Amino acid sequence: MIAAGDYEFLQHFLKQRSGLNLSQEKQYLIESRLAPVARKVGLVGVEQLVTRLRAAPSGAVADAVVEAMTTNESSFFRDKTPFETFVSFVVPNLIDRRGSRRIRVWCAAASTGQEPYSLAMTLKENAHLLPGVTVEILATDLAGHVLERAQAGLYSAFEVQRGLPIQYLLKYFEQKGDQWQIRPEIRAMVQFRQFNLLQSFAGLGTFDIIFCRNVLIYFDIPTKADVLSRMAKVLAPDGYLVLGAAETVMGISDAFRSASGRPGLYVANRLAEATA
Amino acid sequence: MKTCLVVDDSPFIRKVARKILEELSFEVSEAGNGQEALDHCIVTMPDAILLDWNMPVVDGPQFLEAVRALEGGTRPKIVFCTTENHPGHIARALIAGADEYIMKPFDREILAYKFQEVGLIDAEAEALADAGKPLA
(Lines give C-alpha, C1' and ligand atoms only; values in the text may rest on other atoms or scores of the structure.)
Protein backbone atom coordinates (compact mmCIF):
# COMPACT_ATOMS: atom_id res chain seq x y z
CA MET A 1 0.00 0.00 0.00
CA ILE A 2 1.47 3.32 -1.05
CA ALA A 3 2.66 5.65 1.71
CA ALA A 4 0.64 8.83 2.18
CA GLY A 5 3.65 11.05 1.48
CA ASP A 6 4.40 9.21 -1.76
CA TYR A 7 0.78 9.44 -2.87
CA GLU A 8 0.74 13.17 -2.21
CA PHE A 9 3.95 13.55 -4.18
CA LEU A 10 2.40 11.68 -7.12
CA GLN A 11 -0.76 13.77 -6.95
CA HIS A 12 1.26 16.97 -7.11
CA PHE A 13 3.62 15.66 -9.78
CA LEU A 14 0.80 14.49 -12.06
CA LYS A 15 -1.17 17.68 -11.61
CA GLN A 16 1.85 19.74 -12.64
CA ARG A 17 2.71 17.63 -15.64
CA SER A 18 -0.69 16.79 -17.06
CA GLY A 19 -3.48 18.49 -15.12
CA LEU A 20 -4.61 15.06 -13.95
CA ASN A 21 -6.50 15.47 -10.70
CA LEU A 22 -5.89 12.28 -8.80
CA SER A 23 -8.46 12.10 -6.03
CA GLN A 24 -7.93 10.50 -2.66
CA GLU A 25 -9.31 7.03 -3.34
CA LYS A 26 -7.25 6.12 -6.37
CA GLN A 27 -4.43 4.20 -4.64
CA TYR A 28 -5.45 0.98 -6.38
CA LEU A 29 -4.95 2.73 -9.71
CA ILE A 30 -1.41 3.75 -8.77
CA GLU A 31 -0.52 0.17 -8.02
CA SER A 32 -2.04 -1.30 -11.16
CA ARG A 33 -0.70 1.38 -13.49
CA LEU A 34 2.74 2.04 -12.00
CA ALA A 35 3.90 -1.40 -10.87
CA PRO A 36 4.49 -2.34 -14.53
CA VAL A 37 6.39 0.92 -15.09
CA ALA A 38 8.62 0.19 -12.10
CA ARG A 39 9.36 -3.28 -13.47
CA LYS A 40 10.08 -1.92 -16.90
CA VAL A 41 12.70 0.51 -15.58
CA GLY A 42 14.29 -2.15 -13.39
CA LEU A 43 12.90 -1.00 -10.05
CA VAL A 44 11.06 -3.00 -7.43
CA GLY A 45 7.68 -1.55 -6.61
CA VAL A 46 6.04 1.83 -6.71
CA GLU A 47 7.95 3.05 -3.65
CA GLN A 48 11.27 2.83 -5.50
CA LEU A 49 9.67 4.46 -8.52
CA VAL A 50 8.59 7.45 -6.43
CA THR A 51 12.09 7.73 -4.97
CA ARG A 52 13.43 7.88 -8.53
CA LEU A 53 10.85 10.51 -9.47
CA ARG A 54 11.76 12.68 -6.51
CA ALA A 55 15.36 12.63 -7.68
CA ALA A 56 14.52 13.05 -11.38
CA PRO A 57 11.12 14.72 -11.91
CA SER A 58 11.73 15.01 -15.63
CA GLY A 59 13.13 12.58 -18.19
CA ALA A 60 12.21 9.15 -19.45
CA VAL A 61 11.00 7.65 -16.16
CA ALA A 62 8.89 10.70 -15.37
CA ASP A 63 7.38 10.57 -18.87
CA ALA A 64 6.59 6.89 -18.46
CA VAL A 65 4.79 7.57 -15.18
CA VAL A 66 2.69 10.37 -16.70
CA GLU A 67 1.77 8.23 -19.67
CA ALA A 68 0.80 5.24 -17.55
CA MET A 69 -1.48 7.37 -15.39
CA THR A 70 -3.13 9.37 -18.16
CA THR A 71 -3.88 6.58 -20.63
CA ASN A 72 -7.59 6.06 -21.02
CA GLU A 73 -9.51 3.14 -22.34
CA SER A 74 -10.98 3.80 -25.70
CA SER A 75 -13.35 1.93 -27.97
CA PHE A 76 -14.75 2.29 -31.47
CA PHE A 77 -18.02 4.22 -31.75
CA ARG A 78 -18.10 4.77 -28.01
CA ASP A 79 -21.64 5.81 -27.02
CA LYS A 80 -22.67 5.55 -30.70
CA THR A 81 -24.90 8.67 -30.81
CA PRO A 82 -22.15 11.33 -31.22
CA PHE A 83 -21.07 9.67 -34.47
CA GLU A 84 -24.59 9.58 -35.84
CA THR A 85 -25.07 13.22 -34.80
CA PHE A 86 -21.73 14.14 -36.38
CA VAL A 87 -22.63 12.88 -39.85
CA SER A 88 -26.36 13.54 -39.87
CA PHE A 89 -26.52 16.90 -38.10
CA VAL A 90 -23.22 18.63 -37.32
CA VAL A 91 -21.37 18.27 -40.62
CA PRO A 92 -24.37 18.96 -42.90
CA ASN A 93 -25.28 22.01 -40.79
CA LEU A 94 -21.81 23.46 -41.07
CA ILE A 95 -21.67 22.80 -44.82
CA ASP A 96 -25.10 24.36 -45.41
CA ARG A 97 -24.25 27.45 -43.43
CA ARG A 98 -20.92 28.16 -45.02
CA GLY A 99 -21.00 27.07 -48.60
CA SER A 100 -17.46 25.80 -48.11
CA ARG A 101 -17.09 22.05 -48.19
CA ARG A 102 -14.08 21.89 -45.92
CA ILE A 103 -14.34 20.99 -42.23
CA ARG A 104 -11.63 20.79 -39.56
CA VAL A 105 -12.09 18.45 -36.62
CA TRP A 106 -9.97 18.15 -33.49
CA CYS A 107 -10.07 14.95 -31.40
CA ALA A 108 -8.47 16.26 -28.25
CA ALA A 109 -7.98 12.96 -26.41
CA ALA A 110 -7.33 10.54 -29.21
CA SER A 111 -5.79 7.77 -27.08
CA THR A 112 -5.23 4.68 -29.25
CA GLY A 113 -7.13 6.26 -32.14
CA GLN A 114 -10.54 4.60 -32.01
CA GLU A 115 -12.44 7.89 -31.83
CA PRO A 116 -10.84 9.64 -34.82
CA TYR A 117 -10.95 6.43 -36.85
CA SER A 118 -14.62 6.00 -35.98
CA LEU A 119 -15.25 9.50 -37.33
CA ALA A 120 -13.32 8.61 -40.48
CA MET A 121 -15.28 5.38 -40.98
CA THR A 122 -18.55 7.23 -40.44
CA LEU A 123 -17.57 9.73 -43.12
CA LYS A 124 -16.57 6.98 -45.55
CA GLU A 125 -19.77 5.09 -44.87
CA ASN A 126 -21.84 8.21 -45.56
CA ALA A 127 -19.75 9.73 -48.34
CA HIS A 128 -22.74 9.63 -50.69
CA LEU A 129 -24.59 12.04 -48.37
CA LEU A 130 -21.67 14.47 -48.26
CA PRO A 131 -20.46 14.82 -51.83
CA GLY A 132 -17.30 16.82 -52.27
CA VAL A 133 -16.87 17.33 -48.53
CA THR A 134 -13.34 17.15 -47.12
CA VAL A 135 -12.92 16.61 -43.42
CA GLU A 136 -9.51 17.15 -41.89
CA ILE A 137 -9.10 15.29 -38.60
CA LEU A 138 -6.37 16.24 -36.15
CA ALA A 139 -6.08 13.76 -33.29
CA THR A 140 -3.92 14.59 -30.29
CA ASP A 141 -2.99 12.95 -27.03
CA LEU A 142 -0.58 13.57 -24.21
CA ALA A 143 0.90 10.09 -24.33
CA GLY A 144 3.40 9.23 -27.04
CA HIS A 145 3.03 5.48 -26.83
CA VAL A 146 -0.73 5.49 -27.41
CA LEU A 147 -0.23 7.77 -30.39
CA GLU A 148 2.23 5.30 -31.86
CA ARG A 149 -0.41 2.62 -31.51
CA ALA A 150 -3.00 4.92 -33.04
CA GLN A 151 -0.78 5.75 -35.97
CA ALA A 152 -0.14 2.07 -36.67
CA GLY A 153 -3.87 1.44 -36.55
CA LEU A 154 -3.30 -2.12 -35.36
CA TYR A 155 -5.86 -3.55 -32.95
CA SER A 156 -6.43 -6.80 -31.12
CA ALA A 157 -9.39 -9.06 -31.77
CA PHE A 158 -10.86 -7.87 -28.46
CA GLU A 159 -10.58 -4.23 -29.47
CA VAL A 160 -12.21 -4.69 -32.88
CA GLN A 161 -15.14 -6.57 -31.38
CA ARG A 162 -16.15 -3.75 -29.08
CA GLY A 163 -18.29 -1.12 -30.73
CA LEU A 164 -17.60 -2.27 -34.29
CA PRO A 165 -20.36 -3.91 -36.30
CA ILE A 166 -18.96 -6.93 -38.15
CA GLN A 167 -19.62 -5.31 -41.53
CA TYR A 168 -17.29 -2.45 -40.58
CA LEU A 169 -14.58 -4.91 -39.58
CA LEU A 170 -14.78 -6.53 -43.01
CA LYS A 171 -14.96 -3.24 -44.85
CA TYR A 172 -12.38 -1.14 -43.07
CA PHE A 173 -9.83 -3.54 -41.62
CA GLU A 174 -7.26 -6.01 -42.89
CA GLN A 175 -6.33 -9.07 -40.94
CA LYS A 176 -2.70 -9.07 -39.84
CA GLY A 177 -2.03 -12.35 -38.03
CA ASP A 178 -3.99 -12.26 -34.79
CA GLN A 179 -4.59 -8.56 -35.14
CA TRP A 180 -6.56 -6.26 -37.39
CA GLN A 181 -5.24 -3.16 -39.05
CA ILE A 182 -7.42 -0.31 -40.15
CA ARG A 183 -7.08 0.23 -43.89
CA PRO A 184 -4.61 2.79 -45.27
CA GLU A 185 -7.35 4.94 -46.79
CA ILE A 186 -8.90 5.37 -43.33
CA ARG A 187 -5.54 5.95 -41.66
CA ALA A 188 -4.83 8.63 -44.23
CA MET A 189 -7.86 10.59 -43.03
CA VAL A 190 -6.37 11.26 -39.59
CA GLN A 191 -3.29 13.19 -38.55
CA PHE A 192 -1.88 12.32 -35.14
CA ARG A 193 0.17 14.62 -32.97
CA GLN A 194 1.41 14.55 -29.40
CA PHE A 195 -0.10 17.43 -27.46
CA ASN A 196 -0.73 18.40 -23.84
CA LEU A 197 -4.03 20.18 -23.22
CA LEU A 198 -2.28 22.32 -20.63
CA GLN A 199 -0.06 23.88 -23.28
CA SER A 200 -1.04 26.78 -25.52
CA PHE A 201 -3.41 26.08 -28.44
CA ALA A 202 -1.72 28.71 -30.58
CA GLY A 203 -0.55 27.17 -33.83
CA LEU A 204 -3.27 24.50 -33.92
CA GLY A 205 -5.43 26.68 -36.15
CA THR A 206 -9.20 26.98 -35.98
CA PHE A 207 -11.58 24.07 -35.77
CA ASP A 208 -15.18 23.56 -36.77
CA ILE A 209 -15.74 20.64 -34.40
CA ILE A 210 -13.87 19.67 -31.25
CA PHE A 211 -14.29 16.24 -29.68
CA CYS A 212 -13.19 16.35 -26.06
CA ARG A 213 -14.76 13.25 -24.64
CA ASN A 214 -14.00 11.74 -21.28
CA VAL A 215 -10.77 13.62 -20.66
CA LEU A 216 -11.94 16.72 -18.77
CA ILE A 217 -13.24 14.43 -16.05
CA TYR A 218 -9.66 13.92 -14.93
CA PHE A 219 -9.06 17.65 -14.35
CA ASP A 220 -10.10 19.78 -11.41
CA ILE A 221 -12.64 22.52 -12.00
CA PRO A 222 -10.27 25.44 -12.59
CA THR A 223 -8.31 23.37 -15.13
CA LYS A 224 -11.52 22.23 -16.82
CA ALA A 225 -12.69 25.85 -17.07
CA ASP A 226 -9.35 26.94 -18.47
CA VAL A 227 -9.24 24.23 -21.13
CA LEU A 228 -12.84 24.95 -22.16
CA SER A 229 -12.28 28.68 -22.48
CA ARG A 230 -9.16 28.16 -24.57
CA MET A 231 -11.05 25.69 -26.73
CA ALA A 232 -13.75 28.28 -27.33
CA LYS A 233 -11.04 30.52 -28.74
CA VAL A 234 -9.90 27.97 -31.36
CA LEU A 235 -13.41 26.96 -32.31
CA ALA A 236 -15.20 28.68 -35.20
CA PRO A 237 -18.00 30.96 -33.90
CA ASP A 238 -20.64 28.53 -35.23
CA GLY A 239 -18.60 25.46 -34.39
CA TYR A 240 -19.49 22.54 -32.13
CA LEU A 241 -17.95 21.00 -29.04
CA VAL A 242 -18.66 17.36 -28.21
CA LEU A 243 -18.23 16.07 -24.67
CA GLY A 244 -18.64 12.61 -23.18
CA ALA A 245 -22.04 11.21 -22.24
CA ALA A 246 -21.69 11.91 -18.53
CA GLU A 247 -20.06 15.32 -18.87
CA THR A 248 -21.39 18.86 -18.83
CA VAL A 249 -20.13 22.44 -18.99
CA MET A 250 -22.75 23.56 -16.50
CA GLY A 251 -21.24 25.13 -13.44
CA ILE A 252 -17.80 24.98 -15.02
CA SER A 253 -17.73 27.31 -17.98
CA ASP A 254 -20.09 29.73 -19.66
CA ALA A 255 -18.00 29.77 -22.83
CA PHE A 256 -20.41 27.13 -24.15
CA ARG A 257 -24.07 26.30 -23.97
CA SER A 258 -25.94 23.15 -24.75
CA ALA A 259 -27.05 22.71 -28.39
CA SER A 260 -30.75 22.26 -27.71
CA GLY A 261 -32.01 18.72 -27.46
CA ARG A 262 -28.69 17.09 -28.20
CA PRO A 263 -26.89 15.64 -25.21
CA GLY A 264 -23.14 16.04 -25.30
CA LEU A 265 -23.28 18.70 -28.02
CA TYR A 266 -22.34 22.33 -27.26
CA VAL A 267 -22.03 25.58 -29.15
CA ALA A 268 -20.38 28.90 -28.28
CA ASN A 269 -22.34 30.90 -25.77
CA ARG A 270 -22.82 34.18 -27.58
CA LEU A 271 -24.36 35.93 -24.62
CA ALA A 272 -21.30 35.29 -22.51
CA GLU A 273 -19.08 36.51 -25.35
CA ALA A 274 -21.17 39.63 -25.90
CA THR A 275 -21.01 40.64 -22.30
CA ALA A 276 -17.35 39.65 -21.76
CA MET B 1 -37.79 -13.35 -21.30
CA LYS B 2 -35.86 -13.82 -24.52
CA THR B 3 -34.56 -17.28 -25.36
CA CYS B 4 -31.11 -18.14 -26.65
CA LEU B 5 -29.88 -21.46 -28.03
CA VAL B 6 -26.15 -22.00 -27.59
CA VAL B 7 -24.78 -24.33 -30.25
CA ASP B 8 -21.22 -25.51 -29.61
CA ASP B 9 -19.55 -28.91 -29.33
CA SER B 10 -17.54 -27.75 -26.30
CA PRO B 11 -19.42 -28.17 -23.01
CA PHE B 12 -17.05 -25.64 -21.47
CA ILE B 13 -17.90 -22.95 -24.02
CA ARG B 14 -21.60 -23.70 -23.62
CA LYS B 15 -21.22 -23.26 -19.86
CA VAL B 16 -19.37 -19.94 -20.17
CA ALA B 17 -21.87 -18.62 -22.69
CA ARG B 18 -24.78 -19.77 -20.53
CA LYS B 19 -23.46 -17.90 -17.54
CA ILE B 20 -23.07 -14.65 -19.46
CA LEU B 21 -26.41 -14.98 -21.22
CA GLU B 22 -28.29 -15.74 -18.01
CA GLU B 23 -26.76 -12.62 -16.48
CA LEU B 24 -28.09 -10.76 -19.50
CA SER B 25 -31.54 -12.22 -18.69
CA PHE B 26 -31.79 -14.85 -21.40
CA GLU B 27 -33.39 -18.24 -20.95
CA VAL B 28 -30.70 -20.57 -22.28
CA SER B 29 -30.86 -23.91 -24.10
CA GLU B 30 -27.89 -25.88 -25.40
CA ALA B 31 -27.10 -28.07 -28.37
CA GLY B 32 -23.84 -29.97 -28.99
CA ASN B 33 -24.01 -29.89 -32.78
CA GLY B 34 -26.06 -28.54 -35.66
CA GLN B 35 -28.38 -31.54 -35.80
CA GLU B 36 -29.37 -31.22 -32.15
CA ALA B 37 -29.82 -27.50 -32.71
CA LEU B 38 -32.07 -28.09 -35.70
CA ASP B 39 -34.14 -30.61 -33.74
CA HIS B 40 -34.60 -27.98 -31.04
CA CYS B 41 -35.57 -25.22 -33.48
CA ILE B 42 -38.17 -27.39 -35.18
CA VAL B 43 -39.92 -27.68 -31.82
CA THR B 44 -39.21 -24.19 -30.46
CA MET B 45 -37.63 -21.39 -32.47
CA PRO B 46 -35.42 -19.34 -30.14
CA ASP B 47 -35.05 -15.55 -30.26
CA ALA B 48 -31.29 -15.84 -30.50
CA ILE B 49 -28.78 -18.47 -31.55
CA LEU B 50 -25.09 -18.43 -30.66
CA LEU B 51 -23.48 -20.66 -33.25
CA ASP B 52 -20.13 -22.41 -33.41
CA TRP B 53 -18.62 -23.22 -36.82
CA ASN B 54 -16.84 -26.54 -36.52
CA MET B 55 -19.04 -29.26 -35.06
CA PRO B 56 -19.61 -32.95 -35.78
CA VAL B 57 -22.69 -34.30 -37.61
CA VAL B 58 -23.96 -30.92 -38.81
CA ASP B 59 -21.65 -27.89 -38.65
CA GLY B 60 -22.48 -24.19 -38.22
CA PRO B 61 -22.89 -23.17 -41.86
CA GLN B 62 -24.99 -26.29 -42.62
CA PHE B 63 -27.20 -25.58 -39.63
CA LEU B 64 -27.56 -21.92 -40.65
CA GLU B 65 -28.77 -22.85 -44.12
CA ALA B 66 -31.20 -25.40 -42.73
CA VAL B 67 -32.65 -23.23 -39.98
CA ARG B 68 -33.22 -20.21 -42.21
CA ALA B 69 -35.21 -22.48 -44.53
CA LEU B 70 -37.55 -23.54 -41.71
CA GLU B 71 -40.85 -21.84 -41.11
CA GLY B 72 -40.13 -18.90 -38.84
CA GLY B 73 -36.44 -19.44 -39.54
CA THR B 74 -35.75 -15.85 -40.50
CA ARG B 75 -36.86 -14.66 -37.09
CA PRO B 76 -33.99 -15.61 -34.76
CA LYS B 77 -30.92 -13.41 -34.58
CA ILE B 78 -28.01 -15.70 -35.35
CA VAL B 79 -24.55 -14.80 -34.11
CA PHE B 80 -21.60 -16.97 -35.05
CA CYS B 81 -19.15 -17.58 -32.23
CA THR B 82 -16.06 -19.33 -33.51
CA THR B 83 -12.30 -19.50 -33.63
CA GLU B 84 -12.54 -19.08 -37.40
CA ASN B 85 -11.40 -15.50 -37.90
CA HIS B 86 -10.55 -15.33 -41.58
CA PRO B 87 -12.40 -12.52 -43.41
CA GLY B 88 -13.52 -15.10 -45.98
CA HIS B 89 -15.28 -17.11 -43.28
CA ILE B 90 -16.88 -13.99 -41.86
CA ALA B 91 -18.14 -12.84 -45.25
CA ARG B 92 -19.45 -16.31 -46.01
CA ALA B 93 -21.32 -16.42 -42.71
CA LEU B 94 -22.96 -13.06 -43.30
CA ILE B 95 -23.94 -13.90 -46.86
CA ALA B 96 -25.44 -17.17 -45.64
CA GLY B 97 -27.69 -15.22 -43.27
CA ALA B 98 -25.86 -14.73 -39.98
CA ASP B 99 -26.59 -11.40 -38.28
CA GLU B 100 -23.29 -10.93 -36.48
CA TYR B 101 -20.03 -12.68 -35.82
CA ILE B 102 -17.93 -13.17 -32.71
CA MET B 103 -14.35 -14.38 -32.91
CA LYS B 104 -13.21 -16.53 -29.99
CA PRO B 105 -11.94 -15.89 -27.40
CA PHE B 106 -14.79 -13.67 -26.36
CA ASP B 107 -15.81 -12.05 -23.12
CA ARG B 108 -18.97 -10.72 -21.56
CA GLU B 109 -18.47 -7.26 -23.02
CA ILE B 110 -18.15 -8.53 -26.58
CA LEU B 111 -21.17 -10.81 -26.29
CA ALA B 112 -23.28 -8.02 -24.80
CA TYR B 113 -22.17 -5.55 -27.45
CA LYS B 114 -22.89 -7.91 -30.36
CA PHE B 115 -26.29 -8.84 -28.95
CA GLN B 116 -27.09 -5.16 -28.56
CA GLU B 117 -25.95 -4.51 -32.12
CA VAL B 118 -28.55 -6.99 -33.46
CA GLY B 119 -31.28 -5.67 -31.22
CA LEU B 120 -31.50 -8.53 -28.73
CA ILE B 121 -30.73 -6.31 -25.74
CA ASP B 122 -31.03 -2.59 -25.33
CA ALA B 123 -28.18 -0.15 -24.78
CA GLU B 124 -28.97 0.17 -21.09
CA ALA B 125 -28.62 -3.56 -20.52
CA GLU B 126 -25.36 -3.52 -22.42
CA ALA B 127 -24.12 -0.61 -20.32
CA LEU B 128 -24.97 -2.53 -17.16
CA ALA B 129 -23.00 -5.46 -18.54
CA ASP B 130 -20.10 -3.06 -18.98
CA ALA B 131 -20.43 -1.67 -15.50
CA GLY B 132 -18.33 -4.39 -13.98
CA LYS B 133 -15.17 -3.38 -15.77
CA PRO B 134 -12.66 -1.02 -14.17
CA LEU B 135 -12.60 2.64 -15.24
CA ALA B 136 -9.60 4.03 -17.08
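Angles under 35 degrees count as roughly parallel, those over 145 as roughly antiparallel, those from 65 to 115 as roughly perpendicular, and the rest as oblique. With that scale in mind, I turn to the model. It is a predicted one, in which local features need pLDDT of at least 70 and side-chain atom pairs count only at pLDDT 80 or more, while totals for chains, interfaces and linings use all residues. Residues are numbered from 1 along each chain as its sequence is written, chains are lettered from A and ligands numbered from 1 in the order in which they are written, and side-chain values use heavy atoms, with hydrogens and water left out.

I begin with helix packing in chain A. Helices (H or I, at least four residues) and strands (E, at least two) are DSSP runs, numbered from the N terminus. Axes are lines fitted to C-alpha atoms, for helices over the stretch in contact, and angles run from 0 to 180 degrees between N-to-C directions.

The axes of α3(A), residues 45-55, and α4(A), residues 60-70, cross at roughly 125° and come within 9 Å. The two helices α3(A) and α4(A) are therefore oblique to each other. Their crossing is left-handed, a term for a near helix turned anticlockwise from the far one by less than a right angle, with clockwise giving right-handed. In contact terms (heavy atoms within 4.5 Å), L49(A), R52(A) and L53(A) of α3(A) meet V61(A), A62(A) and V65(A) of α4(A). The residues of this contact comprise 5 nonpolar, no polar and 1 charged. Here Ala, Val, Leu, Ile, Met, Phe, Trp, Tyr, Cys and Pro count as nonpolar, Asp, Glu, Lys and Arg as charged, and the others, Gly among them, as polar.

Helix α3(A) also packs against α1(A), residues 4-18; these axes come within 10 Å and cross at roughly 50°. Helices α1(A) and α3(A) are therefore oblique as well, and α1(A) passes α3(A) in a left-handed crossing. From α1(A) the contact takes G5(A), D6(A), F9(A), L10(A) and F13(A), and from α3(A) it takes E47(A), V50(A), L53(A) and R54(A). By class, that gives 5 nonpolar, 1 polar and 3 charged residues.

What links α1(A) to α4(A) through side chains? A salt bridge, defined as a side-chain nitrogen of Lys or Arg within 4 Å of a carboxyl oxygen of Asp or Glu, joins D63(A) and R17(A) at 2.9 Å, N to O. The pair links distant parts of the chain, with D63(A) in α4(A) and R17(A) in α1(A), 46 residues apart.

Further along, α5(A), residues 81-98, and α6(A), residues 114-125, have axes that come within 10 Å and cross at roughly 45°. That angle makes α5(A) oblique to α6(A), and this crossing is right-handed. F83(A), F86(A) and V87(A) of α5(A) contact E115(A), S118(A), L119(A), T122(A) and L123(A) of α6(A). The residues of this contact divide into 5 nonpolar, 2 polar and 1 charged.

I now come to the backbone. Most residues other than glycine have a negative phi, and most peptide bonds are trans. K80(A), in the loop between α4 and α5 of chain A, has a positive phi near 55°. In chain B, a cis peptide bond with omega about 0° joins K104(B) and P105(B). P105(B) lies in the loop between β5 (100-103) and α5 (108-117) of chain B.

Finally, the interface. Chain A and chain B bury about 1,900 Å² between them, 55% of it on carbon and sulfur atoms; buried area is the accessible area (1.4 Å probe) that two parts lose on being put together, summed over both. The rule finds 3 salt bridges across this interface, including one between D107(B) and R162(A) at 2.9 Å, N to O. Over all chains, the count comes to 26 salt bridges.
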